[in-house]
Amino acid sequence: MHLEDKVALVTGAAQGIGNACAQALLEKGCKVGLVDQNTVVGNESKNNLDKQFGTQRTIFIPCDVSNEEQLKDAFKKIFEHFGRLDIVVNNAGVNNEKNWEVTVHINLISVIRGTYIGLDYMKTENGGNGGAIVNISSLAGLMPVPSQPVYCASKHGVIGFTRSIAMVSKTGKYGVRINTICPGFVNTPILQTIEKEENMGQYLIYKEELKDMMKCHGLLPPSLIAEGLIKILEDDTLNGEVMKITTKQGIHFHEYSPLPFQANKQ
Ligand SMILES: NC(=O)c1ccc[n+]([C@@H]2O[C@H](COP(=O)([O-])OP(=O)(O)OC[C@H]3O[C@@H](n4cnc5c(N)ncnc54)[C@H](O)[C@@H]3O)[C@@H](O)[C@H]2O)c1
């Protein structure tokens with residue numbers, strides 16, 4: 001996809017990975033709808049982006065992605081404001097093992113809903129221009145994490161859903177590519193949650209272990225995740241891919257053996 005003048009919606013865009021993605025999309029000439037529940041940081045972030053890219057290139061929509069009406073409204077406002085929608089980045093996420101239902105709601109249910117709403121706007125049979133959806137998972141979506149079982153489950157869910165719906169999109173000729181990114185530890189405010197009982201609950205005892213893991217593996221800069229996003233968006237051959245980003249191997253793809261129903265066809 002050629003990114004100049006395309007319109008992107010990024011959830012969790014106020015800070016961290018979402019903000020880096022918004023910045024990278026703007027650098028490529030996109031217009032970006034910034035969606036986040038944190039109104040203060042969201043407005044600050046828009047002001048900073050305005051200084052670099054001008055006031056017309058972004059719109060900030062305060063929205064809790066786990067609220068169906070708010071999420072639908074955010075898509076509607078961004079579509080109406082910019083007149084089209086080409087890219088959705090379902091990035092908003094939390095680490096909360098204590099209030100774990102919230103984690104499932106934000107990290108998985110909202111990603112599923114954001115994908116379905118995005119498809120409603122973008123798929124060609126609905127008169128859309130086609131486009132691309134990128135769902136942010138984690139390396140925790142590919143392996144067990146004893147200190148974060150529900151976060152881990154939510155991120156596994158994102159991968160399973162994304163790979164499956166990508167196949168539906170291809171066979172249904174939706175014109176929308178759907179991929180996922182699985183980063184290792186990224187240097188963003190979410191990492192501070194491992195120190196807090198209100199987030200970790202009974203798993204707070206693992207905090208030193210988690211910190212040691214971070215020291216051992218190192219932290220990725222958010223800009224590298226944004227670089228992975230741009231690579232997925234610009235390469236029209238990618239659909240249903242699971243991009244991993246690690247300090248050791250940088251940007252690369254998870255390899256799966258052929259699925260049973262695909263192997264039968266060969
Ligand atoms: N930082 C890491 O180490 C890491 C690693 C792998 C995956 N991820 C994933 O990357 C994504 C972004 O995380 P981050 O590291 O930038 O975290 P972050 O906490 O820095 O940023 C998350 C953003 O999402 C927003 N958000 C949270 N809940 C929301 C809701 N209900 N509605 C709207 N906005 C909401 C927050 O306000 C915040 O701006 C998450 O899905 C996270 O699970 C992070």
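Guide: Before we look at helix pairs in this predicted model, note that axes here are lines fitted to C-alpha atoms, for helices over the stretch in contact.

Visitor: What about H1 and H2, how do they cross?

Guide: The axes of H1 (residues 16-27) and H2 (residues 39-53) come within 11 Å and cross at roughly 20°, and because angles under 35 degrees count as roughly parallel, H1 and H2 are therefore roughly parallel to each other.

Visitor: Which residues touch there?

Guide: On H1 they are Asn19, Ala22, Gln23, Leu26 and Glu27, and on H2 they are Ser45, Leu49, Gln52 and Phe53, a set that divides into four nonpolar, four polar and one charged.

Visitor: Switching to the ligand, which residues come nearest?

Guide: Of the 29 residues around the ligand, the nearest are Asp36, Asn91, Tyr151, Val186 and Thr188.

Visitor: Asn91, then: which part of Asn91 is 2.8 Å from a ligand oxygen atom?

Guide: That is a polar backbone atom of Asn91, whereas for Lys155 an N or O atom in the side chain is 2.9 Å from an oxygen atom of the ligand, and for Gln15 a polar side-chain atom lies 3.0 Å from a ligand oxygen atom.

Terms used. Residues numbered from 1 in each chain as written. Predicted model: local features only at pLDDT ≥ 70, side-chain atom pairs only at ≥ 80, totals over all residues. Heavy atoms only, no water. Axes fitted to C-alpha atoms, helices over the stretch in contact; angles between N-to-C directions. Helix = DSSP H or I, 4+ residues; strand = E, 2+ residues; numbered from the N terminus. Parallel < 35°, antiparallel > 145°, perpendicular 65-115°, else oblique. Contact = heavy atoms within 4.5 Å. Nonpolar A, V, L, I, M, F, W, Y, C, P; charged D, E, K, R; others polar. Near = heavy atom within 4 Å. Polar contact = N/O pair within 3.5 Å; in protein donor to acceptor, adjacent residues only side chain to side chain.
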